Amino acid sequence: MSKHQENMAKAATYLARFKEKGVLNRIAGEDLPAEGGATFETISPVDLAPLATVAKGTAADIDRAAKAARAAFADWAAMPGGTRKKLMHKIADAIVARAEEIAFVECMDTGQSLRFMAKAALRGAENFRFFADRAPEARDGRTLRAEGQVNMTTRMPIGPVGIITPWNTPFMLSTWKIAPALAAGCTIVHKPAEFSPLTARLLVEIAEDAGLPRGVWNLVNGFGEDAGKALTEHPLIKAIGFVGESRTGSMIMKQGADTLKRVHFELGGKNPVIVFADADLERAADAAVFMIYSLNGERCTSSSRLLVEESIYDRFTALVAEKAKRIKVGHPLDPETIVGPLIHPVHEKKVLEYIAIGRSEGATVAAGGEKFDGPGGGCYVAPTLFTGANNGMRIAQEEIFGPVLTAIPFKDEAEALALANDVQYGLTGYLWTSDVTRAFRFTDRLDAGMIWVNSENVRHLPTPFGGVKNSGIGRDGGDWSFDFYMETKNIAFATSAHAIPKLGG
Ligand code: NAD
């Protein structure tokens with residue numbers, strides 16, 4: 001049996017429970033169908049075959065989950081940080097113990113290749129460990145002295161919070177949002193994306209098996225316009241941590257207005273990789289290829305615009321095209337696969353439409369540019385490179401969220417900066433140059449929340465994660481996450497019998 005066949009057999013075993021029992025909501029430690037019994041099907045993008053019937057939650061389910069999160073809040077918030085830390089490490093251990101199952105289920109539910117998903121489960125465990133270690137200090141604040149007064153700041157968990165996640169790398173992203181909320185002392189209601197609900201279900205189960213008290217973490221499946229919307233409008237939910245499209249962020253902000261919801265948004269991107277002629281071109285090409293074609297290009301931080309200095313433009317884009325053509329597209333469980341099928345036929349259609357738009361705008365297809373006939377006949381799209389593009393084209397301005405790269409030449413540093421900043425987004429930027437003074441000058445003026453110089457995206461968890469412009473509001477990582485999930489309180493102590501103004505005698 002080949003490794004691929006062996007993987008398929010294992011995946012079938014892991015998926016059997018979902019086929020048999022479906023995916024129920026998890027509220028206050030109980031498995032529950034949606035009130036009224038509505039369901040929807042989740043399919044695999046490999047062959048469009050149904051994987052599971054999923055509870056289709058609505059406002060009634062959200063209300064029940066929010067009440068459960070409220071009921072669990074006082075005890076969870078009062079738990080000493082050290083105890084929370086131990087529990088969260090146990091959750092991380094349990095994720096590692098089930099890493100293979102998580103990876104296989106994720107691959108079949110999302111189309112992401114095993115090569116990347118095997119690590120995504122472990123990264124999820126790392127997210128839990130990182131925030132677990134910070135739980136004991138989450139409430140710590142500052143001491144500010146004034147004449148006759150000592151001020152002490154402290155932080156309190158804000159209350160039950162809603163977490164709404166997208167379909168790309170859903171397991172890893174859910175841990176990234178949920179772990180800091182739990183470490184801060186918040187209870188949660190999680191609404192995962194309807195295209196990829198399976199690993200969210202594994203995650204809550206793992207947490208409860210590891211000893212997380214009932215009601216601290218509640219899971220409601222359903223569609224954005226009903227379950228998601230109801231969560232953002234619920235008065236018991238104090239804040240919404242959201243990862244998804246910019247236009248959904250804007251809707252959530254409106255929906256949350258009546259209940260004055262605090263929001264944290266990680267949104268879309270159209271991130272530039274800027275390559276100057278003095279860069280190490282081979283490394284820059286590898287990094288550009290990695291950042292657009294890994295994770296099927298369904299990655300908020302993907303470098304989807306390639307800005308290249310004119311003098312090396314032809315040589316560099318030829319190098320990228322060669323590499324793109326050699327990328328193996330295939331079944332997500334084939335160990336050789338780099339690019340798997342896109343998440344869903346709806347998304348595949350969107351990506352193929354953008355490829356048609358690029359052609360009609362006059363850009364040249366230098367690699368790919370079409371549907372790929374992959375195993376299972378699912379949503380495969382060949383890694384695509386457009387050359388001869390300009391920044392006014394829709395393929396240069398709009399987030400395609402697939403394996404499609406748009407290459408644009410620039411004359412000099414000023415033009416590179418103008419092109420890089422001329423989009424509505426500002427999540428990440430990648431700069432390639434050997435001139436350190438230019439690197440400083442350029443990054444200082446580049447509109448992006450996160451920039452890597454002479455590197456692909458290599459995450460260091462204590463650093464802030466988030467975007468500017470339409471790419472987001474707020475930062476995650478380390479203490480930045482706690483600032484979102486907690487309220488800061490100041491307490492002033494008089495240190496002397498100071499003169500109090502006497503009004504009324
Ligand atoms: P999406 O905005 O369509 O959906 C995200 C989630 O929001 C889903 O759970 C969906 O059900 C829910 N939702 C939809 N409408 C809602 C509403 N009115 N109220 C409340 N919830 C609602 O995004 P997607 O297509 O699932 O994910 C892809 C997008 O996510 C891309 O734009 C990508 O860049 C972005 N993303 C950003 C980051 C980041 O860190 N900045 C990370 C990953 C993905």
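I started at Ala367, which stands opposite Leu385 in β15. Helices and strands here are DSSP runs, numbered from the N terminus (helices are H or I with at least four residues, strands E with at least two). This is a predicted model, where local features need pLDDT of at least 70 and side-chain atom pairs count only at pLDDT 80 or more, while totals for chains, interfaces and linings use all residues. Residues are numbered from 1 along each chain as its sequence is written, and side-chain values use heavy atoms, with hydrogens and water left out.

I then looked up the pairing on either side of β15. Strand β14 (residues 364-367) runs antiparallel to β15, joined to it by three bridges. Strand β16 (residues 404-410) pairs with β15 in the parallel sense, again over three bridges. For two strands to pair, DSSP has to find at least two bridges between them. Leu385 has Leu405 as its bridge partner in β16.

Are the faces of β15 (residues 384-387) covered or open? Both are covered: Thr384 and Phe386 are buried on one side, Leu385 and Thr387 on the other. I took buried as under 20% relative accessible area, with exposed over 50% and partly exposed in between (1.4 Å probe, protein chains only).

**Cysteines**

I searched the whole structure for disulfides and got zero. My cut-off was a pair of cysteine sulfur atoms within 2.5 Å.

**Largest pocket**

Next I ran the grid search: a 1 Å grid over the protein atoms alone, where a cavity is a set of points that a 1.4 Å probe fits but cannot leave, a pocket is an open set with protein on both sides within 12 Å along at least five of seven lines, and lining residues have an atom within 4 Å of a point. Points are joined across faces, edges and corners, and a volume is the space filled by probe spheres set on them.

The largest pocket comes out at about 1200 Å³. Of its 42 lining residues, Trp167, Gly244, Glu245, Arg247 and Thr248 are the closest to the centre. Elements giving two or more residues to this lining are α8 (224-233), β10 (239-243), α9 (246-255) and α12 (345-360). α9 has the largest share, six residues. I sorted the lining by class and got 19 nonpolar, 13 polar and 10 charged. My classes: Ala, Val, Leu, Ile, Met, Phe, Trp, Tyr, Cys and Pro are nonpolar, Asp, Glu, Lys and Arg charged, and the others, Gly among them, polar.

Where does this pocket sit relative to the domains? Domain 1 (3-267 + 471-489) and domain 2 (272-453) both give residues to the lining, so the largest pocket lies between them. The domain bounds come from an automatic or database domain assignment.

**Second largest pocket**

I noted about 670 Å³ for the second largest pocket. It has 23 lining residues, and closest to its centre are Arg123, Met172, Leu295, Arg299 and Arg459. α5 (114-134) and α6 (170-184) each give two or more residues, and α5 gives the most, with five. The lining divides into 12 nonpolar, five polar and six charged residues.

**Cavity**

I found one cavity of 30 Å³ or more; the largest cavity holds about 70 Å³. Of its 14 lining residues, Ser302, Ser304, Glu399, Ile400 and Phe401 lie nearest the centre.
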